[in-house]
Amino acid sequence: MFIKQITVFIENRTGRLEQVTQVLKDNDINIVSISLADTSDYGLLRLILSNPEKAATVLKENGFSAMITDVIAVKLTQHVGKLGELLFILSSAGVNVEYMYGLTSGDENASIVLKTNDQKKALATITESAFTLLSTEETYKMND
């Protein structure tokens, strides 16, 4: 199953990130996970949020360029090499990971969000393995 990620393109200047978080706060949208990558002129802000559809709407209403992307959230037990095992399974299936980042959780396990070059194949490959996917309900409510 896929979860929804919001990607916001923001100018790389003082206060712009704070403005995004303020819009989310004002609309009672919780940030579950966040990743920011920058270039000299702009940033790619990737967010897992408690209400991604509402977030995309209110961010656009407030002048931000926001889009929704399907990503995969995978639970990882806290054992040496578990991420490597997942990556081996994906690469053996011919799936390339384009990006990934950590996802907060309230238990002893870790979780990651990932985007691949073939999301359907990645989802099928992970589903057939011993790894566990996070549902949308589990993911969006992690920190509520």
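Colleague: What describes the arrangement of helix α3 and helix α4?

Modeller: In this predicted model, the axes of helix α3 (residues 82–92) and helix α4 (residues 119–127) come within 10 Å and cross at roughly 125°. Two packed helices are described by the angle between their axes and the distance between the axes.

Colleague: Why are α3 and α4 called oblique to each other?

Modeller: The angle is roughly 125°. Angles of 65 to 115 degrees count as roughly perpendicular and those over 145 as roughly antiparallel, the rest being oblique. The helices α3 and α4 are therefore oblique. Their crossing is right-handed.

Colleague: Which residues meet where α3 and α4 are in contact?

Modeller: From α3 come L86, I89 and L90, and from α4 come A122, T125 and I126. By class, this contact has five nonpolar residues, one polar residue and no charged residues.

Colleague: What makes D70 and K4 a salt bridge?

Modeller: The closest N and O atoms of D70 and K4 are 2.6 Å apart. The cut-off for a salt bridge is 4 Å, between a side-chain nitrogen of Lys or Arg and a carboxyl oxygen of Asp or Glu, so the pair qualifies. The pair links distant parts of the chain, with D70 in strand β4 (residues 65–76) and K4 in strand β1 (residues 3–11), 66 residues apart.

Colleague: Why are D70 and K4 described as partly exposed?

Modeller: The relative accessibility of D70 is 29%, and the relative accessible area of K4 is 28%. Buried means under 20% and exposed over 50%. Both values fall in between, so D70 and K4 count as partly exposed.

Colleague: How many salt bridges does the structure hold?

Modeller: The structure holds five salt bridges. One of them joins R16 and E11, whose closest N and O atoms are 3.2 Å apart.

Colleague: How do you know whether R16 and E11 are buried or partly exposed?

Modeller: R16 has a relative accessibility of 11%, which is under 20%, so R16 counts as buried. E11, at 34%, lies between the 20% and 50% limits and is therefore partly exposed.

Colleague: What can be said of the salt bridge between E98 and K115?

Modeller: The closest N and O atoms of E98 and K115 are 3.4 Å apart. E98 lies in strand β5 (residues 97–103) and K115 in strand β6 (residues 110–116), so the pair ties together parts that are 17 residues apart in sequence. At 46% relative accessibility, E98 counts as partly exposed, whereas K115, at 18%, counts as buried.

Colleague: What makes the phi of D28 worth a remark?

Modeller: D28 has a positive phi of about 55° although it is not a glycine. D28 is found in the loop between α1 (16–26) and β2 (31–38).

Colleague: Why is D28 called exposed?

Modeller: The relative accessible area of D28 is 70%. This value is over the 50% limit, so D28 is exposed.

Colleague: Where is N30 placed, and how far is N30 from Y140?

Modeller: N30 also sits in the loop between α1 and β2. From C-alpha to C-alpha, N30 and Y140 are 8.3 Å apart in space, while 110 residues separate them in sequence. With a relative accessible area of 24%, N30 is partly exposed.

Methods
Residues are numbered from 1 along each chain as its sequence is written. This is a predicted model: local features need pLDDT of at least 70, side-chain atom pairs count only at pLDDT 80 or more; totals for chains, interfaces and linings use all residues. Side-chain values use heavy atoms; hydrogens and water are left out. Helices (H or I, at least four residues) and strands (E, at least two) are DSSP runs, numbered from the N terminus. Buried means under 20% relative accessible area, exposed over 50%, partly exposed in between (1.4 Å probe, protein chains only). Axes are lines fitted to C-alpha atoms, for helices over the stretch in contact, and angles run from 0 to 180 degrees between N-to-C directions. Angles under 35 degrees count as roughly parallel, over 145 as roughly antiparallel, 65 to 115 as roughly perpendicular and the rest as oblique. A crossing is left-handed if the near helix is turned anticlockwise from the far one by less than a right angle, and right-handed if clockwise. Contact means heavy atoms within 4.5 Å. Ala, Val, Leu, Ile, Met, Phe, Trp, Tyr, Cys and Pro count as nonpolar, Asp, Glu, Lys and Arg as charged, and the others, Gly among them, as polar.
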